[in-house]
Amino acid sequence: MKYSHVLFDLDGTITEPFEGITKAVQYALKKFGIKVEDLNELRHFIGPPLFESFRNSYGMTQEESITAVEYYREYYVPTGIYECSLYPGIEEMLKKLHESPCKVILATSKPEPMAIKVLEHFGLDKYFDLICGASLDESRAKKELVVAYALESANITDKNTAIMIGDRKFDVEGAAANGISAIGVTFGHGGRDELEEAGAIMTFDDAYSLTDYLLS
């Protein structure tokens with residue numbers, strides 16, 4: 001196999017999280033008196049750290065952004081976290097990779113405890129050798145920091161043995177910042193143009209073709 005360590009993003013790569021994330025953002029914004037009826041207007045919250053998205057999209061102060069994330073979690077933790085689904089072929093891919101010689105690692109900007117809950121909900125946690133996510137206090141939320149944390153936790157010294165799989169430019173850029181390449185998946189929320197412009201070495205339209213490549 002070309003890679004002995006495969007790092008996966010979660011939202012938009014393994015799961016389709018649109019409903020849960022956008023409804024949680026909608027809930028948080030409503031607490032600030034901001035009403036957004038069309039959830040598609042909140043799609044851009046999928047991928048980057050929440051703190052930054054609230055600040056950049058709605059001009060919130062640091063304190064307001066922290067409060068917005070707290071409101072977000074009021075909805076997301078008990079309800080929104082389960083309002084998601086698996087993309088076709090994902091479980092089969094993870095199972096095959098787990099049975100192969102490579103190590104399967106989650107590297108997500110979702111807080112680690114929540115990422116574990118999602119994987120457990122779908123029964124996917126057993127396929128991962130390591131689960132790495134953001135810290136709850138948002139100090140480790142940027143993808144660059146999460147990837148660095150994953151590489152260190154897995155004791156990966158030869159960067160050529162690792163590959164990052166994700167659907168947004170943040171995954172590609174976070175990987176590049178740590179000296180590893182990235183592959184993009186177009187069935188998530190970034191799209192081929194975004195991924196290629198960010199520097200993805202290749203893109204795949206479905207999990208089946210991605211599986212064939214990783215196992216080849």
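Helix H6 (residues 143-153) lies across strands E1 (5-8), E4, E5 and E6 (162-166). The helix runs at about 155° to E5. Axes here are lines fitted to C-alpha atoms, for helices over the stretch in contact, and angles run from 0 to 180 degrees between N-to-C directions. Helices (H or I, at least four residues) and strands (E, at least two) are DSSP runs, numbered from the N terminus. The model is a predicted one, in which local features need pLDDT of at least 70 and side-chain atom pairs count only at pLDDT 80 or more, while totals for chains, interfaces and linings use all residues. Residues are numbered from 1 along each chain as its sequence is written, and side-chain values use heavy atoms, with hydrogens and water left out.

The sheet is open and holds 6 strands, in the order E5-E4-E1-E6-E7-E8. Its pairing is parallel. Strand E5 (130-134) and strand E8 (202-204) stand at the edges; each has a single partner strand, so one side of each is left without a neighbour in the sheet. From one strand to the next, the twist averages 25°. Two strands count as paired if DSSP finds at least two bridges between them. Strands of a sheet pair through backbone hydrogen bonds, either parallel or antiparallel.

Proline 111 stands opposite alanine 134 in E5. Further along the sheet order, E1 and E6 pair in the parallel sense, also over 4 bridges. Valine 6 has isoleucine 163 in E6 as its bridge partner. E6 is joined to strand E7 (residues 181-185) by 4 bridges, and these two strands run parallel. Here isoleucine 163 stands opposite serine 181 in E7.

E6, helix H7 (residues 169-176) and E7 make a right-handed β-α-β unit. A crossover is right-handed if, with the strands pointing away from the viewer, the path from the first strand over the helix to the second runs clockwise. In E6, 5 of the 5 residues are buried, so the strand is largely enclosed by the rest of the structure. Buried means under 20% relative accessible area, exposed over 50%, and partly exposed in between (1.4 Å probe, protein chains only). Both faces of E6 are covered. Ala162, Met164 and Gly166 are buried on one side, and Ile163 and Ile165 on the other.

Aspartate 9 lies in the loop between E1 and strand E2 (15-16). This residue is buried, with a relative accessible area of 6%. Its side chain makes a polar contact with the side chain of lysine 143 at 3.1 Å. A polar contact is a pair of N or O atoms within 3.5 Å; within protein, one must be able to donate a hydrogen and the other to accept it, and residues adjacent in sequence count only if both atoms are side-chain atoms. Not counting residues up to four places away in sequence, aspartate 9 touches residues including Leu106, Thr108, Met164, Gly166 and Asp171. Contact means heavy atoms within 4.5 Å.

Threonine 15 is found in strand E2. Threonine 15 is buried, at a relative accessible area of 1%. Its contacts, leaving aside neighbours within four places in sequence, are Leu10, Cys84, Ser85, Leu86, Tyr87, Val118 and Phe122.

A search of the whole structure finds 0 disulfides, defined as pairs of cysteine sulfur atoms within 2.5 Å. For cysteine 84, the nearest cysteine sulfur is that of cysteine 132, 20 Å away. For cysteine 132, the nearest is that of cysteine 102, 15 Å away. Cysteine 84 is buried, with a relative accessible area of 16%. Cysteine 132 is buried as well, at 1%.

Glutamate 64 is found in helix H3 (residues 62-76). At 34% relative accessibility, glutamate 64 counts as partly exposed. Its side chain reaches the backbone nitrogen of threonine 61 at 2.9 Å. Leaving aside neighbours within four places in sequence, glutamate 64 is in contact with Phe32 and Gly59.

Most residues other than glycine have a negative phi. Glutamate 138, in the loop between E5 and H6, has a positive phi of about 70°. Asparagine 155, in the loop between H6 and E6, has a positive phi of about 55°. At 63% relative accessibility, asparagine 155 counts as exposed.
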